Amino acid sequence: MKGIDNSEIRNFLTAEVLRHGSDRLPAATEKRLAEIRRDRPSVPVIYVSSGSAAVIAGSRKSAAAAQEYISEMGMKAMVVMTGCHGPAVFEPLICIHLPGKNKLIFRNITEDKIETLLNGVFHNDMPEEDLVGQSGSTGFEAWNSIPFIEAIPWFRLQKRVVLGNCGCYDPESIGEYIARGGYRSFLKTIRNYTHEEVCDIVERSGLRGRSGGGFVTGLKWKYALNSASDNRYMICNAKESDPGAYTDRAVLEGDPHRLIEGICIAAYGIGASNAVIYLKTGSALPLALLKKALADAREYGIIGHNIYSSGYNLDIVIRQEAGAFVCGEETALIGSLEGRRGMPELKPPYPTTSGLYGKPTVINNVETLMNVPLIMERGPEWFRTMGTEGSKGTKLFFVGGRGRLTGLIEVEMGTTFRTIVEGIADGVRDARLFKTLQIGGPSGTFMTESDLDLPVDYDALRAKEIAMGSGGLIIIDETTCIVDFVRYYMSFIHKESCGKCIPCREGTGRMLEILENVIRKPITEDSNATLERFKGVMQLETIAAVMKDTSLCGLGQTAPNPFISALNNYREEFEEHIFDRRCRANVCRGLRTFSIDVDKCTGCTVCAAKCPVNAIYGTRLQPYFIVDDKCIGCGICYDVCKFSAVTVR
Amino acid sequence: MSKIEDILTRYRSGSHESLIPILQDVQVEDGYLSEEAVVRIGAFLGMSTTKIYGLATFYDQFRFTPAGRVHLRVCNGTTCFVNGSAPVIATLKETLGVEPGQTTRDGRFSYELTACMGGCNEGPVVCVGETFHTHVRAEDIPEMITKLKVLADLK
């Protein structure tokens with residue numbers, strides 16, 4: 001499990017690869033790099049994914065077990081920890097590369113399965129049920145009667161560009177990254193191009209900011225470069241506020257060095273000599289990986305003073321955010337970096353003219369910057385070959401919720417959402433009905449069945465008033481209540497509103513209150529409360545419109561979006577809650593009433609024992625009953641009853 | 001207090017923008033921001049303590065009371081919500097009798113709601129220290145708390 005980095009390799013990589021002036025390397029150097037990349041391993045290599053999702057599923061224990069197996073058997077083999085491949089449902093995912101053969105990919109290999117798996121692979125007795133498939137290229141021997149992973153829609157329908165390195169190398173090893181062509185685009189950039197040329201190339205590529213707004217990245221850089229100042233700042237926004245997505249974090253965990261290279265190129269492009277990575281708090285693994293990656297880059301001379309005798313200086317620091325959703329907004333982010341409350345400010349001036357400490361500042365998110373080294377390496381024309389007319393390249397999504405397969409995916413711009421939901425995610429799990437696709441988190445919208453035919457394209461979505469968001473896609477089936485979901489997002493936004501402007505601070509609070517009234521238990525309601533509830537409902541749409549028009553920043557302006565789109569598309573569900581006091585998904589606690597079927601109840605006492613509020617009474621071996629006044633509608637009795645005696649209405 | 005002095009020496013410039021990193025470091029060291037710590041930081045940076053509290057209370061990360069001996073982190077991310085985290089959180093609240101961020105009176109437990117932790121296909125996820133409990137249901141909570149009480153009493 002030890003990385004390959006040592007001083008001998010470092011000297012080789014800096015002298016023969018990084019200092020080498022031209023794009024083409026001598027054959028002997030290439031051969032050595034192929035060895036470092038383990039292109040044709042002479043011993044079996046076991047790749048274990050080690051991102052957050054894998055760690056939760058237990059990949060560290062699996063790796064330790066594999067290591068133990070190898071040393072016990074006295075085998076010559078390697079265990080390599082890599083970033084996540086993407087499919088979170090397959091974690092812990094293990095890839096085995098035997099010399100001369102295609103790679104084999106196995107799913108859900110927990111600690112206890114390691115021995116069987118390795119015995120099977122080394123003695124040609126494949127554990128079929130854990131096998132995903134084989135993956136390989138020319139020059140390797142294919143396995144008989146094992147399907148290729150390209151036959152699986154999850155892999156076939158994706159286009160891995162940004163994720164190209166994720167899952168292939170050890171994110172802790174800078175040597176492997178350089179062997180895969182890393183940091184050479186940055187050095188080529190500072191050797192051959194001026195600041196203007198870099199901005200120009202990125203603008204010509206058509207790259208647009210991936211954080212949701214979709215602003216042309218090269219143009220943003222030009223604005224900052226053309227603002228007269230003695231100093232400029234580059235900020236990488238790795239905060240990723242959406243509570244339901246972790247695209248940036250997964251990328252960071254899988255390929256931290258390419259992000260650093262992207263930041264280096266962007267900082268050079270705008271003429272900044274200071275860059276900041278604004279990282280989400282509470283994520284220990286990405287922080288540790290980034291710290292190590294930055295220290296290694298410094299040791300290799302990639303950041304620091306007079307980088308590779310170019311005269312260009314760059315320093316990158318990591319700053320952890322302190323937990324405020326609104327700090328994803330550019331001016332609030334800058335405020336928080338300057339040591340103030342993270343509250344948005346009026347724009348203009350835009351950060352590109354007056355940002356951090358009043359200097360021109362560019363803020364880009366992780367995914368945007370991940371594209372930059374590839375554009376510099378392969379040219380803007382290559383980037384323009386991917387995608388649609390207005391949106392070039394690829395887009396990362398985190399597909400979560402009730403899909404059969406969930407995880408991190410990358411698709412070419414122009415792919416339809418139907419392909420993502422029905423192809424890549426393989427439909428809805430447990431044979432449930434698809435209800436809606438939520439895109440863009442708490443500021444996003446709900447997409448109906450018919451919206452699924454829209455392509456992943458900034459302009460096509462904007463025409464339908466759907467925001468691309470930062471990459472969260474939640475597949476929702478009939479078991480989720482739309483009203484409850486809107487309330488969940490509203491409570492999130494209400495908690496995160498910074499309180500500076502009244503429409504957002506009061507509007508979110510009022511909307512949350514009204515939505516909570518709608519799903520409150522009717523039994524405790526007097527006539528005055530009913531009146532208040534109806535008065536509130538009538539005002540919901542007005543409040544939403546006012547918030548959209550008058551809030552100061554994007555947080556408040558987009559806060560009513562989930563509500564507005566839910567009301568437009570699922571009005572009948574709202575009306576059911578309001579008039580019939582019924583929740584069709586049986587989710588809203590207040591609107592559920594439980595009763596026990598006297599014919600089915602055996603008096604086993606399980607429900608009474610589990611009831612958190614002691615609302616179930618009865619005598620042992622006689623039918624029990626529920627006291628409605630005490631019941632909080634939690635549904636535990638319904639879930640624990642083995643005789644289906646508890647009914648919900 | 002000597003630990004705070006160690007932290008402060010790392011920020012010798014004493015500029016206001018180092019306030020958040022200092023608070024973060026102190027919280028990592030002590031687990032919370034005590035009144036003495038805030039007063040000391042205020043004296044170091046030349047800021048009034050009200051200003052510091054004004055800033056610290058704005059951000060979710062900072063807490064002003066010690067965490068419980070067992071601290072639970074409950075995922076409140078969207079996917080966990082869709083998979084049924086709301087009843088889990090409600091049951092936890094009823095079982096412990098405190099709000100998120102607070103500590104139970106006996107000092108055993110505290111809990112917080114976090115954004116997605118990355119275990120989306122395993123949700124709802126509850127994290128205790130380094131251990132992840134996956135596919136947690138509301139009815140598992142009382143038993144989990146009973147078991148954790150033993151752990152809390154060992155600490």
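**Domains 3 and 4 of chain A.** I looked up the C-alpha centres of domain 3 of chain A and domain 4 of chain A, and they lie 24 Å apart. The domain bounds come from an automatic or database domain assignment. Domain 3 of chain A spans 394-477, and domain 4 spans 482-580. I then checked their contact: 6 residues of domain 3 of chain A meet 10 residues of domain 4 of chain A (C-beta atoms, placed from the backbone, within 7 Å). The side of domain 3 that touches domain 4 has 2 nonpolar, 4 polar and no charged residues (Ala, Val, Leu, Ile, Met, Phe, Trp, Tyr, Cys and Pro count as nonpolar, Asp, Glu, Lys and Arg as charged, the others, Gly among them, as polar).

**Source notes.** The model is predicted; local features need pLDDT of at least 70, side-chain atom pairs count only at pLDDT 80 or more, and totals for chains, interfaces and linings use all residues. Residues are numbered from 1 along each chain as its sequence is written, with chains lettered from A and ligands numbered from 1 in the order in which they are written.

**Chains A and B.** I found 40 residues from chain A and 38 residues from chain B in the contact. On the side of chain A that touches chain B, α3(A) gives the largest share, 4 residues (helices are DSSP runs of H or I, at least four residues, and strands runs of E, at least two, numbered from the N terminus). By class, I noted 18 nonpolar, 16 polar and 6 charged residues on that side of chain A.

Terms used:
Contact = placed C-beta atoms within 7 Å.
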